[in-house]
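Me: I have a model open and would like to learn how to read a few of its features. Could you walk me through them?

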Amino acid sequence: MSEFSPGQRWISDGEAELGLGTVLNCDFRTVTVLFSASQETRTYSVRQAPLTRVAFGSGDRIQAAEGWFLTVDDSKEANGLIVYIGEDDDGELRELPEVRLADTMQFNQARDRLLTGQVDRNDWFDLRFRTLHHHARIEQHPALGLAGPKIDLIPHQLYIAEEVAGRHAPRVLLADEVGLGKTIEAGLILHRLLLSGRAERALILVPDSLTHQWLVELLRRFALEVTLLDEHQSLAHGDANPFDSGQLVLASQQWLFANPHRQAQAEACDWDLLIVDEAHHLDWSPEQSGPGYACVERLAGAIDGVLLLTATPEQMGVASHFARLRLLDPERYQSLERFQAEEQGYVAVAAAIDALEQESLDAPARDRLGAVVDDADSQALLTLLTHPESDADQRARARAQLREQLLDRHGTGRVMFRNSRRHVGGFPERRLTVTPLEAPSAYRRVLRKLDRDEDYLDELLIETGLDHPEVLLYLDTMYQALADDPLNAEPWWQFDPRVTWLLEYLVEHGDDKVLVIAHDKATAQGLAEGLRVLGGVHAPVFHEDLSLVERDRAAAAFADAEEGCQALVCSEIGSEGRNFQFCHHLVMFDLPQHPDQLEQRIGRLDRIGQRHPIEIQVPVFAGSPGERLLRWYREGMDAFGAPHGVGNDLFAAFGDALADALLDDESLEEVIAETRALFESRLAERDAGRNRLLELNACRPGRAEATAAAIGELDADKALPRYLDQALDIFGVDSQELGGKILHLRAGPQMLDGLPGLVKGEEGFSATLDRGVALARDDVQRLSWEHPLLREMMGRILDGAMGNTALALLKHPAIPTGRVMAELVFRTHCPAPKKLHINRFLPATAVRVLLDESGANLSDKVSFTGLAKNLQKVKKAVARDLIKSRHEQLRELLDKGEAEAERELPSIVEAAQRRMRDSLDGELARLSALARHNPAVREDEIQALRDERSALDAAIEGARLRLDAVRVIVTIDNETR
Ligand SMILES: Nc1ncnc2c1ncn2[C@@H]1O[C@H](COP(=O)(O)OP(=O)(O)OP(=O)(O)O)[C@@H](O)[C@H]1O
């Protein structure tokens, strides 16, 4: 006779997610079960039905179809069906026949699953326990969010990322010199915020030309997938807000700034972080702000975290720079005059910090320190430093602490980070070669006329419609504008000797890539045509009016080491921010007018990753205005040697005078001499004042080293390869060694679906645990605890039921056969908003309790691994039967285990609270002391920290323990199996 009767409740062993099933009918051979919650009906063979009867016992809380709950006290049977008896939530005695149990009841909790006979594989249970352990370790690790990205560990970047991502709602200007890695810093900050739960949504606004580069960098280096939004994509969303289509949205500034409707949609979303690249283009003047500035101002007003990126913050003038700082902190930056006055004071602070370098302070050094040390705690350090009885150790500590305090309390360092090549070091040499050429007659004619006739310049401006001094500096453009009929005129590239010179240069350096930059789009296009027609050289053009796809295609054609083209011709703006460090020849076909633009050009090649000296070529017409501009750059400010960061000051002071001197050697000499004088005094100020402070602040070597060491610890974590092996195996991912520390991962036939990067029947991906190997290969991903595959596997285990029950056999000479033990794993549960990142103090923490049949706690005597290696697996059906036969006993052990675990909770809570207070109280004290001196510390930052502290305190206090997993262990003698 079949054990099934209509109305009985069963669950599927293999598909527990179907919910609670009801037997519809049965005969001798088959049973049909309806799973109402998932609207599925299944028919099984009676003899092998993978089903378990649901039977609750005393103390279980069950739900009726009508929604009310019953706490089971007893049960009885009527016509093969169970009727539960107990109290409802109002304390009334009620009966609930099993047929009226809620279909939606889930059996995911370890206790329910165990008692309903759902047992997982033993190795799943092992993996679950290890996952809990590693998850807690990684969540609290100081390198969280910084260790996974595929990057070289460069100290100034690590310092900035660690400092900025640790703040409440970071709002900073990342202003490292060109090519030092601002994108990487922003990526690190974003990654850390995301992993710690402090940010979930970010909007990234970048110039059109850089969208693809950002997309690729975020994916390849940070394994972050972003949604790239443009008008076409947005239209596909119809009436819905397209900015809601992803957590991380990347959009082109040109597109958004020109489109008020899309701006309103972007503003309507909730973001945690706004990133704006090449922020010097956000122009502002006291009279009027540009549309970009206005748009970012509105967004920055509503979004907590803001990162602005620019290598040349003052390119558009000091006022504009000030306005950008104001975007970050409107309260702090209210008056430009005050801001400039404060900057004067930085000279004294920098001098004081430099004075600290002296081993024993002489009188002038003491004076310099005395002039800025204005509070009791700094004063105490200074006294210690100069006290005759303090020993070398005390002095060293006081020196380091005072240095930190001075840096912290003065200057713009909290809002702006600027690293320069000078102190980062290790960058290649720049070599300039100037090739004088004779101007062709078409240009010479005009130049001679300009020499002879002072009034001709005005005429020329009217005739060409060009501006001054462009008309003098870009002679090809001038020639083209003068042509009566531009369509029929001989194109300039036919006779311009720079074109033939370039063709020869390309032949001479046939094996090398050459980047050519010209000021105008039209020049770049003409030049490419000239190269093709005159020399058969195909060089793609890269300019601001190309579509994104065209630009990326051009860049890819250039980047391809084997098949690619030798040269790429760019216009000024078209190439800004791009990575071309695989090439070390730069041809400046003409010169830009602003020193910062010149630096931007060289910065395309002189970037992290450049391995060769940089060859800069400038072909120039003898005696032309262009040659005079070149002299200004070389003699007035050494513009080609290394970035100096004062170009904007020089341009602001002499830009106009230089424009007037472009036709006159005598006045040029004067302008050069004056520029040189200002250049040198600015350099001296830079080294003494604000920039010196900025430099000292942009990287604190001690902290950077500590962060690098923490990352190094995770890189070398021996537990990771072991865990990975086990997890890949259990999730059904095939892993094949390719040699050279590289693995190839592919979905196996039994793989659990939905793992990132792996789809059955598809290729999979190559990956390595080794940072160096990953960096050397674009096509190889870097595996770490932070890789999406690991995070997904760990998340699935911790959020789901996988491995939360198991049964194993133990052969032990000292324990009689047939005894039951229960290995219970409890985990702390601490509901709190994600933004609090409570995991850094109290991640889900495992408490393991091992009980023998009598309820004695053996946890301290028998370790998890010690026990696990002696266990033997058992067939699922046998396991189910064993559990069924020990129901009551197991219930008792579960209750007893809970009481045992509860005893551990207070010490866990206390330790977490201590960790939290140590960390936050220290930070609060530091910030409050800072705020008294440095107005860049915002009051809302301090208040937010206080609020955070009390919210964390309450959340940790409310921590509870929940049973997470249970393994039943049954002893056997040597013969039994
Ligand atoms: N830590 C790093 N590891 C590996 N590569 C790096 C690292 N930092 C920077 N790079 C590489 O150096 C180049 C320059 O970095 P990035 O683009 O971030 O500089 P940037 O300061 O934003 O430049 P720009 O001023 O031109 O916008 C990029 O190709 C980047 O991938």
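Reply: Happy to! Let's begin with glycine 179, which sits in the loop between S10 and H4. Helices (H or I, at least four residues) and strands (E, at least two) are DSSP runs, numbered from the N terminus. This is a predicted model, where local features need pLDDT of at least 70 and side-chain atom pairs count only at pLDDT 80 or more, while totals for chains, interfaces and linings use all residues. Residues are numbered from 1 along each chain as its sequence is written.

Me: Is glycine 179 buried or exposed?

Reply: A residue is buried if 20 or more other C-beta atoms lie within 10 Å of its own, exposed if 12 or fewer, and partly exposed in between, with C-beta atoms placed from the backbone. Glycine 179 counts as buried because it has 26 C-beta neighbours inside 10 Å.

Me: Which residues does glycine 179 touch, not counting those up to four places away in sequence?

Reply: Two residues are in contact if their C-beta atoms, placed from the backbone, lie within 7 Å. On that basis, glycine 179 touches Gly603, Asp606, Arg607 and Ile608. Valine 178 is in the loop between strand S10 (171-174) and helix H4 (182-195). Its contacts, leaving aside neighbours within four places in sequence, are Ala311, Glu599, Gln600, Gly603 and Pro643. Valine 178 counts as buried, with 21 C-beta neighbours inside 10 Å.

Me: Where does UniProt place the feature "binding site"?

Reply: The unreviewed UniProt entry puts it at Asp176, Glu177, Val178, Gly179, Leu180, Gly181, Lys182 and Thr183. Positions are given in the numbering used here, feature names are shortened, and annotations may be inferred rather than shown by experiment.

Me: How do I read a helix pair, and at what angle do H13 and H14 cross?

Reply: Axes are lines fitted to C-alpha atoms, for helices over the stretch in contact, and angles run from 0 to 180 degrees between N-to-C directions. The axes of H13 (residues 376-386) and H14 (residues 392-409) come within 9 Å and cross at roughly 150 degrees. That makes H13 roughly antiparallel to H14; angles under 35 degrees count as roughly parallel, over 145 as roughly antiparallel, 65 to 115 as roughly perpendicular and the rest as oblique.

Me: Which residues of H13 make the contact?

Reply: On H13 they are Ser378, Leu381, Leu382, Leu384 and Leu385. The H14 side includes Ala398 and Leu402.
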